[in-house]
Amino acid sequence: MNATLGTLPATTPFEDLPERIRSLPQNQIAEIAYLGLEDPEVIKLWVGEGDLPTPAFVTEAAAEAMRAGHTRYTYSLGLPRLRQALSDYHRRHWGVDVPPERFTITVGGMNAIMQAMQAVLSPGDEVIFPTPHWPNLAEAAKVLGGAPVPVALRQDAAGAFRLELADIEAAITPRTRMIAINSPANPTGWVMPKAEMLALRDLARARGLWILSDEVYNHFTYGNAIAPSFLEICGATDKLLVTNTFSKNWAMTGWRAGWLVFPEGLAPVFDNLSQYNTTSIPTFLQHACIAALEQGDDFIRTMVARCRESRRIFTEGFAALPGITVQPPEGSFYLMLSVAGETDSRALAIRLLREAKVGLAPGTAFGPAGQGKMRLCFAVNPALAEEAMRRLTVFFRKG
């Protein structure tokens, strides 16, 4: 496997490709993963993926649907029964009434984000988003000819992240079209309080801007309640697009299934976008998604409980190491550790891979603010978390 795909060279026979495509950087998370993907000794904590298998009731639903002949085209927006199951799921967990007609099924959360931006952005439009950020969010805007505008999350003395509405407002220009929020956030674990969501909603309404809310980690919180959704505070015709995925809640990363919630009246737009992107996802997989939604709440609770314990193991372990600063994340299943004196996060990730046999993502994968930081995914068995922490302790104490 090629471990250093990189970008196109300056001189290439394909110089007629658009510059925004030619200049797309290689994802640094993938770069580090490629270096150790085939090494069985490496504890792989670099990507946002838990280590539990997809639950049997989901895989059996897919197999049963294939045997029953559900292998042909279906509605571009997705099976009506699946969209009804999504409506029921949102009512059950957030108390909101979103009719099935406002959902479309996508090829994972990434395709949901891409379709949301395709629907809204014109070339040159600006997308504001908090950073450190999941890199795909900014690069998706670039692919479509948009201009990503990062706004730094602030940190208090203890390292806790927060977003200042004044910073968002200061970044708005006549070319701003969208504000993209990922809460609970990858990679920081920041969770946007509902009061701040209300203030952002009011700002977006006043300026005529779209909100893209990526809510894939809403169940992964470590307080007393599920993370709030913008669907709780916005009306059916607000300029709100909510993206989500089956990947995280039900250990279905490889199934490539997600969804998007759009405003009332835009079903024809997203029906067309699905047609021209993917014509929905395999029909038998949609039956598996129905099973996940209707039978999977207990599995979600199991996932979150494991994450809570592994989060404790890592945060307590790092707290005992000099020169390492970790703020326990409020949500998601990542933590960012700051390494005192570290000036090359990518090089540190390679050293950790080779010397400690632990794969972490370099903080610079999430923007310049990530320099000197590393991201760790703790959605793993607590026993594996203990072993990873043991190796990391040896590495950092050795210097």
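1. Two strands pair if DSSP finds at least two bridges between them. Strands (E, at least two residues) and helices (H or I, at least four) are DSSP runs, numbered from the N terminus. This is a predicted model, where local features need pLDDT of at least 70, side-chain atom pairs count only at pLDDT 80 or more, and totals for chains, interfaces and linings use all residues. Residues are numbered from 1 along each chain as its sequence is written, and side-chain values use heavy atoms, leaving out hydrogens and water.

2. Now to the sheet: it is open and has 4 strands, in the order β11-β12-β15-β14, with antiparallel pairing. The edges are β11 (324–326) and β14 (361–362); each has a single partner strand, so one side of each has no neighbour in the sheet.

3. Strand β15 (residues 373–377) runs antiparallel to β14 and is joined to it by 2 bridges. P362 has M374 in β15 as its bridge partner.

4. Next, a residue worth a click: D297, in helix α11 (residues 297–319). Is D297 buried or exposed? D297 is buried (under 20% relative accessible area; exposed is over 50%, partly exposed in between, with a 1.4 Å probe and protein chains only), at 16%.

5. What does D297 touch beyond its neighbours within four places in sequence? The answer is R92 and H93, where contact means heavy atoms within 4.5 Å.
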